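Here is a short briefing on charged side-chain pairs. Please look over the sequence and the model first.

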Amino acid sequence: MTDTFDKVTMFGADWCRDCIRSKALLERLGTDYEYIDLVERPEEADRAKAISGRTNIPVVVFPDGRHFTEPSDQELEAALAQ
C-alpha cells in the first residue's frame with residue numbers, strides 16, 4: 001500500500017533539530033502542509049519508516065509521491081519550487 005497525500009506532509013518531532021529547521025522553512029515559505037508530530041502520534045513512526053525506508057526524521061512527503069529524509073534547506077526549497 002502506498003500512501004498518497006493531498007499536500008506536503010512532514011513527519012517530525014519537537015526534539016529534532018532538523019525537524020525544527022525544516023518546519024521553519026515550510027512556514028517561512030508559506031507552504032500549506034500537514035505536520036505529523038511523532039511525539040504526540042508515535043504510531044505514525046512506522047508509516048514514516050515505510051515511506052523512507054529509514055528511521056531518520058524529518059520525512060517530508062510531496063503529493064506527487066516524492067519524499068525527502070533529513071533534507072537540507074536548499075533541497076527542500078528547490079523541491080517546493082517545482
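The model is predicted. A search of the whole structure finds seven salt bridges. Three residues, D18, R21 and D73, are linked in a network of salt bridges. Another salt bridge joins the side chains of R54 and E70.

- D18 pairs with R21 in a salt bridge, and their closest N and O atoms are 3.0 Å apart.
- Both D18 and R21 sit in helix α1, which covers residues 17-28. They are three residues apart, about one turn of the helix.
- R21 also forms a salt bridge with D73, with the closest N and O atoms 2.7 Å apart.
- D73 belongs to helix α3 (residues 73-81) and R21 to helix α1, so this pair ties together parts that are 52 residues apart in sequence.

- D18 is partly exposed, at a relative accessible area of 27%.
- R21 is partly exposed, at 28% relative accessibility.
- D73 is partly exposed, at 24% relative accessibility.

**The R54 and E70 pair**
- The N to O distance in the R54 and E70 salt bridge is 3.5 Å.
- R54 lies in the loop between α2 (45-52) and β3 (59-61), and E70 in the loop between β4 (67-69) and α3, so the pair ties together parts that are 16 residues apart in sequence.
- R54 is partly exposed, with a relative accessible area of 38%.
- E70 is partly exposed, at 31% relative accessibility.

Conventions. Residues numbered from 1 in each chain as written. Predicted model: local features only at pLDDT ≥ 70, side-chain atom pairs only at ≥ 80, totals over all residues. Heavy atoms only, no water. Salt bridge = Lys/Arg side-chain N within 4 Å of Asp/Glu carboxyl O. Helix = DSSP H or I, 4+ residues; strand = E, 2+ residues; numbered from the N terminus. Buried < 20%, exposed > 50% of the residue type's maximum accessible area, 1.4 Å probe, protein only.
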